[in-house]
Structure formats: structure tokens, C-alpha cells
Amino acid sequence: MQPRTPLVVCVLLSQVLLLTSAEDLDCTPGFQQKVFHINQPAEFIEDQSILNLTFSDCKGNNKLRYEVSNPYFKVNSDGGLVALRNITAVGRTLFIHARTPHAEDMAELVIVGGKDIQGSLQDIFKFARTSPVPRQKRSLVVSPILIPENQRQPFPRDVGKVVDSDRPEGSKFRLTGKGVDQEPKGIFRINENTGSVSVTRSLDREMIATYQLFVETTDVNGRTLEGPVPLEVIVIDQNDNRPIFREGPYVGHVMEGSPTGTTVMRMTAIDADDPATDNALLRYNIRQQTPDKPSPNMFYIDPEKGDIVTVVSPALLDRETLENPKYELIIEAQDMAGLDVGLTGTATATIMIDDKNDHSPKFTKKEFQATVEEGAVGVIVNLTVEDKDDPTTGAWRAAYTIINGNPGQSFEIHTNPQTNEGMLSVVKPLDYEISAFHTLLIKVENEDPLVPDVSYGPSSTATVHITVLDVNEGPVFYPDPMMVTRQENISVGSVLLTVNATDPDSLQHQTIRYSVYKDPAGWLNINPINGTVDTTAVLDRESPFVHNSVYTALFLAIDSGDPPATGTGTLLITLEDVNDNAPFIYPTVAEVCDDAKNLSVVILGASDKDLHPNTDPFKFEIHKQTVPDKVWKISKINNTHALVSLLQNLNKANYNLPIMVTDSGKPPMTNITDLRVQVCSCKNSKVDCNAAGALHASVPALLLLCLFSLACL
């Protein structure tokens, strides 16, 4: 069998993209010659011309680029192919790509006598993107197909052709891959007999930029003879997308007085077209500025970066003299590097001229007047200032300070946040009799510091003259409170003290009268003329009106003014204790079982309303005149308690035992209290005192009964 000659597959780049207008019939974009043959030399000499290439995009070849599949070769700007160094072995084929923003094409250099070089040229030949570089030993060799996007009718239209010069009779071409038998299906197809590749509808590069297809030959039974060989379809970009600003709203800030060239903000647009072409190469410009004062060109935008900078002098960038501290710029982004044929998109940039503290606050008057009644507190005057800075900033907000005339700290000043006024207040009542006039020196500053070339001047200080008005003040007791110490139970009519009240209105020469205001127990009287206080009843330390041995009364001093003014004074009487309360015992009832083995009856406690030493230690005794000695016993436990016990068991009955308790006062006081003792029946853990109550027996009655029995004998 005669060996097959290599199958030559030529993809005819019949339609090279023109990115702007319709096809020019007088110029065909691409290489004028696409296949060259040279014999393998002994050596390719460095910088020696191998051949000359002629390429035209019919638009002037702007930004023409060449790329060679072998990295040791290059194409000069004049189209000459040269070696970068001396090379002996290259291979059988070199591919040269040429490309501008308007057209793209490939030429082939066949080296007759060249030997195969192992290795993937796809890694070297970047311009072919992901498409394979033909290998000489393969029958199917496929180059990329370039198809412009947005083609118009008619469809289908041929975009390339596969040619097999030694194809077996009856064999067919088959095309597969995404865009053929995979979604999106039916975009490409191949004539199985002629190998013509066609596209069935318009393509959109922004949807799919490349299609990876596969070509193979099959026999009459559908079995693969050759392939599959990858075929890349590259969709060539057209300028069909406008620039878009997506990150708005765009708001920038610049400080007033900023130097010329200060960057304010950056505007950035995006273009969905191919970023490797001028279709997405953007240029920026300012279409409109509002307002256009004091200059219609307050700002400049870097056409490539989109940075907005100031272009006016710092003196013109003065917020206080501007018609409006807010500027709106219409920013335009244009593709095609800003050429008139490019598409445009616009956005609005808002630029705020921010305030700096370049104006000090100034008082509207050099002097302010205020009046205030003595004894009153609160705001007495509002100090007004002017400041040209921005009212929303600390460069405008005022801070006031009293720098002189306030040694007693009677005055304070605060800032009204709405009006920026200084509210001067009296915080400690003023006394007309001490000083009827006050003079304060006030200074005003801003919350933010001033810029270095601005300072506070004389207008940043002001004087406030304050007149104090005399009012009829109430008399004042001295001292207040007044305190005396007396024994309780002093005789009625005893003089406690003479109160003293003075009238602060020393210039009015008024008289004062006294009266009782509050005397809870009704014990006191006051002379209305001279203020002498005496008792009208016996003072009792144990009274419920006395707290912690102190009795409190209030007195009034009333002047003769019109209308009269009143002052209040407090008298605190500390009452010393006298032994005038006898002690008492607790409890007064006790129970005991009639058969108790423990004859203890009850523990008694004693208490006394008096104070030590008129209280404990207490002395406990049984009143012996009425009680038999052989029945009851009382024993001291401590200073305040004693134990009552039986000397023998008693029958069920109620017994009244007189207990005598004596305190330690000098002289001592004694109290006799009956302790009721119930002798009860205690059986089976049950206490029954009913029978004891029914007997109504008492110790004195038993004693009388015994005496009667003795008399009868």
C-alpha cells in the first residue's frame, strides 16, 4: 500500500473582522501572501532577513503587532522576519500572526528539509490562544477560525473550509463540540463532502468569546479515520457596548483653599467589549460643570485614569465666597480611546467644598448688659456671635469661657447648639448687699482649631455688665439649727434660749417678730419681740415626738417689709434622761406541768424606757409578804433576766406570783407585776390547762385558806 501524503487542512480566513464600517472592496485585510517556502539553510544567521511580510488592516495598521510561533524569531516593524540568534534547527513550519484593533491574520512559513522538533508549540505561540499548532505528522491540521460578532443576514455563511487532498473515497467530514451538537446547538456546521465550515446565526462575543470544536474524517460506516482535531472559533469583537458607570452615586470632598492639583475623587467606567482592543479603551472628560462660577473650569479629569483634580487657585476655592459649595460635574467616558466614532456613557459627580476653620468667631457687640434679682438663678443674657464658617462643623460651633470677674464661680456660660449663642447663667445666688454690680470678661473660640494663618482678635472677647436688683429677703436665724441640752421633766416656764434672727436687707432697717411654726408636742412658747423660748409643759424624753433624745421645733422670723418676708429657724433640744420610768417584766403568763421533773417555770426579762444608768442591772424579787417561802424561787441569770422555778410540784390551778423588779437609777424605781402561772395536766404529750383555769386558785387565797385552817385548830 502506497503511504499517504500528509493531509493539508486549510482554514480559509475569508472574513477578517473590520471593527468599524462595512467591507471595503478595494482592500482585503490580512497578509497579502499567506504561505512561504524556503529551504532549510545550514544556519539561520542572527538579524539576517529571512523574508518580508506584507500585512494591512485597511485602516493604517495602527498598533500592529506580530508574534512568531518560535521564540527565537521576530518580525521587525517593516515586516522583515529575522532570527534573534544563530539557529541550526527550527522544524518544518513557522506560524506568524499579525494583529491590529481592526484586523487579524496568520501566515505560514514551510521550511523544506526541516526536521520535526518535539514539544508543544501551543505554549510558545500565545497569539493562537488555546488552539493547537499543526503537527506535520497529523493528517488533520486546523488553525483558528476568526468570525466577527454581530454579522448580518444572510445565514448560513461560510467561514472556512477543510481540504483533504488525499481523502479516501467515500469518507466524510464531521464537526462536533459546543455550538454544534452541544448547547448552544446548531451554531456551526460542516459540509461533510466539501469540508466547508459555516455559521448559522449572528454571534455575540460578550456571551461566548471562543468555541472549542473538533473536526474528524469518517468512513462510510461512520468510523473515525482521522482526528478528532481541535478547532477553535474566535469571535472577534465589535464596538457594540457603551461604557457604563456602575458604582454611583459619586460624591467627592475637597477642603477649601486646597492647592491646585489636589485629587478629589476617581471616576471609573467599565466597557463589556474586548479589553485587548480599542473598543474598551476608555477616555474621560468633563462635559458640564454646574455652577460655572467663579470659573467654568474648576476641575480637570485625567482622561486615562479618571482622577478628578482641582485646577483653580486656592484663593478661588473659598467656601465662604462661592455661590454654592456644591458642584455637579457631568462626566463622560468614551471608548475607542476617545475618538469621535467611540461610544459614550455619562455619570454625575457631586463635589462638596468642605469648610476649614479660616474665620474666627466675633461678638456682635463689644459690651452686653444684664440684670438679675438677688437670690435668683438661671440664664440672664444670651451673647451673640458671628462666624462665616460652615454651621454644621466645629469650625462654626462656639465655645465660651469666662476669663475674668468670676472669683466666686457664681456664673457659668454654655453654648446654645441651635443658635451658637452663649447663655450666661447665675448658678450661685447673688447678694445685693454684698455687691450690686458685676463685670465679666468673656472670650469665644471654635471647637476646631483655627488654620495657622488665622488667629483670634479683639472681637473674640466681650464685656458683660450685670446689675443685681435688691429684693426683700427673709430674716436669717443664726445659728441655724439652734441647739440646747436640758434634762427632761424640767419645770414649766423654764427658759431654754433666746433666738437671734437678722435681716439681710441691712439698708432697709426693718423690725423682726417671732412666732412658733412647728411644735409637735406643744411644749414651747416664744416671745414675739425678743425671741425668748420657754417651756409650757413638762418635757418628756420618752415622748413619741422625741427621736434619739432630740426634740425638733421650728420658729418663724417675719420682717416688716411690704410684703413681709419670712425666715425659718430650727431648734434642736437634746433631752437628758431622768429616772422617771419604772422597769417592767415580760412575759406575764407561764405554764408548767403538774408532774414536771424540771421545776423551772419561766425566764423573765425586764425593760426600762429610761437610759443607762437608770436601767439595768435589774433586781428581781418575789414579793414575800404574800407568798409562802417553800413554794417559789427566783434566781438571777444576768443583768436583765431571771429564772422563776418551783420548789415542789403543785396541783392543777392558776397561781398569781407577784414579781418585784427594781432598776439601778438613783433613786431607783420599783415595779410589782403579777406573773400568772398555770399548772397544767401533761399526759401522753398533751397539755391540758382547762382544769387549772377552772380552779381560779391563787397563792394569796391558798395562804388565807391555810391561816383559816390554823385558826380553827
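Look at strand 47 (residues 641-646): there, Val 644 is the bridge partner of Val 602. Strand 47 pairs with strand 44 in the antiparallel sense, over 5 bridges. In general, strands of a sheet pair through backbone hydrogen bonds, either parallel or antiparallel.

Before going on, keep in mind that this is a predicted model, in which local features need pLDDT of at least 70 and side-chain atom pairs count only at pLDDT 80 or more, while totals for chains, interfaces and linings use all residues. Residues are numbered from 1 along each chain as its sequence is written, and side-chain values use heavy atoms, with hydrogens and water left out.

Back to strand 44 (residues 600-607), which also pairs with strand 42 (residues 584-586), again antiparallel, over 3 bridges. Here Tyr 586 has Gly 605 of strand 44 as its bridge partner.

Next, the disulfides. A disulfide here is a pair of cysteine sulfur atoms within 2.5 Å, and that rule gives a count of 2. One of them joins Cys 593 to Cys 682, with 1.9 Å from S to S. Cys 593 belongs to strand 43 (residues 589-593) and Cys 682 to strand 49 (residues 670-683), so this pair ties together parts that are 89 residues apart in sequence. The torsion about its S-S bond is about -90°, so the disulfide is left-handed. Are these two cysteines buried or exposed? To judge that, take buried as under 20% relative accessible area, exposed as over 50%, and partly exposed as in between (1.4 Å probe, protein chains only). Cys 593 is partly exposed at 24%, and Cys 682 counts as buried at 16%.

The other link is between Cys 680 and Cys 689, whose sulfur atoms are 1.8 Å apart. This one is right-handed, with 100° about the S-S bond, and both Cys 680 and Cys 689 are buried.

In one, 4 strands form an open sheet with mixed pairing, in the order 17-23-22-19. Strand 17 (250-255) and strand 19 (283-290) are at the edges with a single partner strand each, so one side of each has no neighbour in the sheet. Strand 17 runs parallel to strand 23 (residues 344-354), and 6 bridges join them. Along that pairing, Gly 252 stands opposite Ile 351.

Another open sheet, also mixed, has 4 strands in the order 25-32-31-28. Its edges are strand 25 (367-373) and strand 28, and each has a single partner strand, so one side of each is left without a neighbour in the sheet. Strand 28 runs antiparallel to strand 31 (residues 437-446), joined by 6 bridges, and Ala 398 stands opposite Asn 446.

Leaving aside neighbours within four places in sequence, Asp 390 is in contact (heavy atoms within 4.5 Å) with Arg 319, Asp 355 and Trp 396.

Methods: Pairing = 2+ DSSP bridges. Helix = DSSP H or I, 4+ residues; strand = E, 2+ residues; numbered from the N terminus.
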